[in-house]
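Subject: Structure for your files, with notes

Dear colleague,

Here is the structure I said I would pass on.

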Amino acid sequence: MTRVYVDMDQTLADYASAYRHAKEVHPDIPYPQSLPRLFEGLAPITGAIDGYRTLEEMGFDVWVLSAPSYMNPLCYTEKRLWIEKHLGLNTCKKLILSIDKSLLIGDYLIDDYDCGKGQENFRGQLIHFGTGAFPDWMAVITYFEEVVSSSLK
Ligand SMILES: [Mg+2]
């Protein structure tokens, strides 16, 4: 089964908007990512929830792979709560938190960063979300539709 890892921040969840908002509301706080409930309250990226489900329906073995903000212990819990809220309890079984994404074995990693948390050493193919060929989830799904149809030929 072809395994696909999906990043959370800025791939499934809109971290940038929440960070900007927190900076406006709390200009004195140096690290808004340490605010309680920041991660739990992130809005989904447009098309992300449907995109995740579509990958599952296409037959991929889909996992969430996120590098937690390790200075914020609440982040670990809030990511789990976010997954339950937006993708359901069953998907919580597919949540992996790892600072080093290269430790995970798989075929694809959909991530808005191509380095910094082990993405540069991931042994599958990186789908660099939000850039060039993959500006949004629609482009990602189109790409995986091609992967499926070429595997059927
Ligand atoms: Mg990210």
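Predicted model: local features only at pLDDT ≥ 70, side-chain atom pairs only at ≥ 80, totals over all residues.

Residues are numbered from 1 along each chain as its sequence is written, and side-chain values use heavy atoms, with hydrogens and water left out.

The sheet

Helices (H or I, at least four residues) and strands (E, at least two) are DSSP runs, numbered from the N terminus. Five strands form an open sheet in the order β3-β2-β1-β4-β5, with parallel pairing; two strands count as paired if DSSP finds at least two bridges between them. The edges are taken by β3 and β5 (125-128), each with a single partner strand, so one side of each has no neighbour in the sheet. On average, neighbouring strands are turned by 25° against each other, direction ignored. Axes here are lines fitted to C-alpha atoms, for helices over the stretch in contact, and angles run from 0 to 180 degrees between N-to-C directions.

Strands β1 and β2 run parallel and are joined by four bridges, with valine 6 opposite valine 64 in β2. Between β2 and β3, also parallel, there are three bridges; leucine 65 stands opposite isoleucine 96 in β3. At the other end of the order, four bridges join the parallel strands β4 and β5, and isoleucine 110 has isoleucine 127 in β5 as its bridge partner.

Strand β2 is mostly covered, with five of its six residues buried. Buried means under 20% relative accessible area, exposed over 50%, and partly exposed in between (1.4 Å probe, protein chains only).

The helices

Helix α3 (residues 74-87) has 14 residues and reaches 20 Å from its first C-alpha to its last, close to the 20 Å expected at 1.5 Å a residue. The expected span is 1.5 Å times one less than the number of residues. Its buried residues are Cys75, Glu78, Lys79, Trp82, Ile83 and Leu87. Seen down the axis of α3, they fall within an arc of 145°, so they line one face of the helix; the arc is that of the directions from the helix axis to the C-beta atoms. These buried residues pack against α2 (48-57), β2 (61-66) and β3 (95-97), where contact means heavy atoms within 4.5 Å. Helix α3 lies across β2 and β3, running at about 160° to β3. Glycine 88 follows α3 and has a positive phi, near 95°.

In α2, the buried residues are Ala48, Ile49, Gly51, Tyr52 and Leu55. They fall within an arc of 165° seen down the axis of α2, so they too line one face of the helix. Asp50 and Glu57, on the other side of α2, are exposed. The buried residues of α2 pack against β1, β2, α3, β4 and α4. Glycine 59 follows α2, and its phi is positive, near 100°.

Helix α4 (residues 137-152) lies across β1, β4 and β5, running at about 170° to β4.

The salt bridges

A search of the whole structure finds eight salt bridges, each being a side-chain nitrogen of Lys or Arg within 4 Å of a carboxyl oxygen of Asp or Glu.

One of them joins the side chains of aspartate 7 and lysine 101 (3.0 Å, N to O). Aspartate 7 is in the loop between β1 (3-6) and α1 (15-25), and lysine 101 in the loop between β3 and β4 (108-111), so the pair ties together parts that are 94 residues apart in sequence. Aspartate 7 counts as buried at 5% relative accessibility, and lysine 101 is buried with a relative accessible area of 1%.

Another is between arginine 37 and glutamate 40, whose closest N and O atoms are 3.2 Å apart. Arginine 37 is exposed, at 55%, whereas glutamate 40 is partly exposed, at 22%.

Within α3, glutamate 84 and arginine 80 are four residues apart, separated by about one helical turn. Their side chains meet in a salt bridge (2.7 Å, N to O). Glutamate 84 is partly exposed at 33% relative accessibility, as is arginine 80 at 30%. Elsewhere, salt bridges that share partners join Arg3, Asp61 and Lys94 into one network.

Regards
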